[in-house]
Amino acid sequence: MRTVRVGAVRVGAVRVGAVRVVSAALLALGLAAGPAAADSSPSPSQDTSSAPTQAGTSFRTATEIEQGQRATASGSTGDYLYWSFPADTGQRPTVRATVKLPDTHAAQTWQMDVYDGLRRRQACQYGAQTRTAAADSASVELACVLRTVRAWSEPWANDPLPGTYYVRLTVTGVPTSDLGLRVDTDLRVESKEIGGSAAVDGSLSEPLVPGIAVKSEGEKEDRAVLFGLEPEDGWASGWWSDRWVWTAVGGVLAALAGVAGYRLTRGAGRPSRVPPAA
């Protein structure tokens with residue numbers, strides 16, 4: 001009877017140890033999931049005190065804006081308005097534009113296009129990229145949610161890559177009587193960090209920024225970049241993602257599960273009443 005009680009105590013201790021092992025594993029998983037959950041939040045808003053109040057008229061003269069920054073501009077119906085912003089690996093940019101129309105006007109169709117650093121038009125996952133404003137309506141709102149920016153892609157693919165992105169806003173369907181009427185625009189770009197679920201192997205040697213490969217003849221060999229903005233933490237190298245964290249956590253959990261399974265199934269050992277083998 002004493003032996004049975006000792007065995008029961010040992011089995012109970014084994015179960016308590018297994019519970020502790022599983023609890024430690026779950027705690028480690030929760031700590032690792034914290035940064036990943038934080039990465040999925042939208043990027044914080046930037047200070048709008050120095051927000052640009054004009055837009056460019058071509059790709060080369062596009063007005064630079066930061067993500068989270070509100071940009072405004074006034075123009076005439078029929079003009080092409082251009083802005084540019086940086087987007088890095090793992091980000092899913094969302095571009096929103098509001099056009100305030102004249103008090104009196106006919107029906108108008110406005111369109112917003114987004115291009116990458118190679119000036120390739122990028123398709124929107126969802127959002128109203130083109131909208132028609134009814135006659136005498138006060139404003140029209142456009143939106144475009146791009147695909148997640150990839151660190152690397154095949155040369156023949158049209159995947160969005162890290163670098164400069166351009167926004168072009170214009171009216172595509174307007175009667176001649178409305179050409180030249182004043183309009184006011186409001187543009188904002190925000191991104192959501194997707195994380196390791198969109199990570200790929202490989203990376204670009206340089207982001208797709210105009211002039212990134214051109215170096216000046218100065219002593220420090222500084223790059224003469226035509227685009228001055230970059231992400232707050234600099235351009236990502238492309239090798240790191242939270243997939244490394246989840247892979248490490250998975251390996252630790254597998255090892256702990258093996259140890260817990262062995263301790264639960266090994267039994268209480270040789271009973272004291274059974275003599276050892278000769």
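Predicted model: local features only at pLDDT ≥ 70, side-chain atom pairs only at ≥ 80, totals over all residues.
Residues are numbered from 1 along each chain as its sequence is written, and side-chain values use heavy atoms, with hydrogens and water left out.

Now switch to cartoon. You will find 2 helices and 11 strands, which are DSSP runs numbered from the N terminus (helices H or I, at least four residues; strands E, at least two). Along the sequence the order is α-β-β-β-β-β-β-β-β-β-β-β-α.

The protein exposes about 16,200 Å², with 55% of it supplied by carbon and sulfur atoms; the areas come from the Shrake-Rupley method with a 1.4 Å probe. Of the 278 residues, 37% count as buried (under 20% relative accessible area, 1.4 Å probe, protein chains only).

Hide the surface and select Trp83, Phe85, Val95, Trp110, Met112, Leu169 and Leu187. These residues have the most contacts inside the largest nonpolar core, which has 28 residues. Such a core is a set of buried Ala, Val, Leu, Ile, Met, Phe, Trp, Tyr and Cys residues joined through side-chain atoms within 4.5 Å. At least two of its residues come from each of β2 (70–76), β3, β4 (91–100), β5, β9 (139–146), β10 and β11 (182–193).

Zoom in on Trp110. Beyond four places away in sequence, Trp110 touches residues including Val99, Gln129, Arg131, Leu142, Leu169 and Val183.

Another core, of 5 residues, lies apart from the largest one, and Phe59, Tyr82, Tyr115 and Tyr166 are among its members. Select those four: they form one aromatic cluster.

How many aromatic pairs does the whole structure hold? The search finds 4, where rings of Phe, Tyr and Trp (its six-membered ring) pair if their centres lie within 6.5 Å, with planes under 30 degrees apart stacked, over 60 edge-to-face and the rest tilted. Phe59 and Tyr115 make an edge-to-face pair, 5.2 Å centre to centre with 85° between the planes. Phe59 sits in the loop between α1 (2–39) and β1 (63–64), and Tyr115 in strand β5 (residues 108–115), 56 residues apart. Both Phe59 and Tyr115 are buried.

For the last stop, select Phe85 and Tyr165, a stacked pair at 5.9 Å centre to centre and 25° between the planes. Phe85 belongs to strand β3 (residues 81–87) and Tyr165 to strand β10 (residues 163–173), 80 residues apart.

Notes: Buried < 20%, exposed > 50% of the residue type's maximum accessible area, 1.4 Å probe, protein only. Contact = heavy atoms within 4.5 Å.
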